[in-house]
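Could you brief me on the ring contacts and the sheet in this model? Here is a friendly walk through them, with the structure shown first.

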Amino acid sequence: MWTTFNVEPTGVVEVGDDSVLVGPVFMCAERIRIGRGVVLSYHVTLADSDFHPVDPDQRRQDAEANAPRGDRSRRPPYLARPVTIEDGVWVGIGAIVLKGVSIGRGARVGAGAVVTTDVPAGATVAGNPARVVAPPGTS
């Protein structure tokens, strides 16, 4: 319910059995994989790419290529890296999971967290950038 899928033609989103999507946003250029029994809450954003180059000159070229009269074939390349969320993960309201991140089985992501690095299985992370607040086995 309320879930948004923004998937490039080459992108793949996989969602495992018994997962609950309560309004997340998928921004996928390459691959986002959600395991079984995952809960993604309201306004969670999962992005496997920045969807534009970081270099200012290339960013301008990208904007011009995407303009209404632009030529999308002239877009410069941008970096995409898969996002993986293992089985049994819970992600709280408004959290953001960025490109290349893997969240281990049974981990918890606090509301509003910005996850920029891998999360160990069973750990709880919170904050911006997200940091482990409860190691595996203590949450």
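Phe-26 is buried in this predicted model, because its relative accessible area of 0% falls under the 20% cut-off. Phe-26 also takes part in aromatic pairing, and the sheet that holds its strand comes up below.

**Aromatic pairs**

- Searching the whole structure turns up three aromatic pairs.
- In one of them, the ring centres of Trp-2 and Tyr-42 are 5.7 Å apart and the planes meet at 35 degrees, so this pair is tilted.
- Trp-2 belongs to the segment before strand 1, while Tyr-42 belongs to the loop between strand 6 (39–40) and strand 7, so their contact ties together parts that are 40 residues apart in sequence.
- Trp-2 counts as exposed because its relative accessibility is 56%, whereas Tyr-42, at 37%, counts as partly exposed.
- The rings of Phe-5 and Phe-26 have centres 4.9 Å apart and planes at 0 degrees, so that pair is stacked.
- Here, too, distant parts of the chain are linked: Phe-5 is in strand 1 and Phe-26 in strand 4, 21 residues apart.

- In what order do the five strands of the open sheet lie? The order is 1-4-7-10-13, and the pairing is parallel.
- Strand 1 (4–7) and strand 13 (114–115) are the edge strands, each pairing on one side only.
- Strand 4 (residues 25–28) and strand 7 (residues 45–47) run parallel and are joined by three bridges.
- Within that pairing, Val-25 stands opposite Thr-45 of strand 7.

**A charge over a ring**

- Which ring does the charged end of Arg-108 sit over? The ring is that of Trp-90, with the charged end 3.8 Å from the ring centre.

**After strand 15**

- Thr-138 is placed in the segment after strand 15 (131–134).
- With a relative accessible area of 53%, Thr-138 is exposed, because exposed means over 50%.
- Between Thr-138 and Ala-123 there are 7.8 Å in space, C-alpha to C-alpha, and the two are 15 residues apart in sequence.

Conventions
Residues are numbered from 1 along each chain as its sequence is written. This is a predicted model: local features need pLDDT of at least 70, side-chain atom pairs count only at pLDDT 80 or more; totals for chains, interfaces and linings use all residues. Side-chain values use heavy atoms; hydrogens and water are left out. Two strands pair if DSSP finds at least two bridges between them. Helices (H or I, at least four residues) and strands (E, at least two) are DSSP runs, numbered from the N terminus. Rings of Phe, Tyr and Trp (its six-membered ring) pair if their centres lie within 6.5 Å; planes under 30 degrees apart count as stacked, over 60 as edge-to-face and the rest as tilted. Buried means under 20% relative accessible area, exposed over 50%, partly exposed in between (1.4 Å probe, protein chains only). A charge sits over a ring if NZ of Lys or CZ of Arg is within 6 Å of the ring centre and within 35 degrees of the ring normal.
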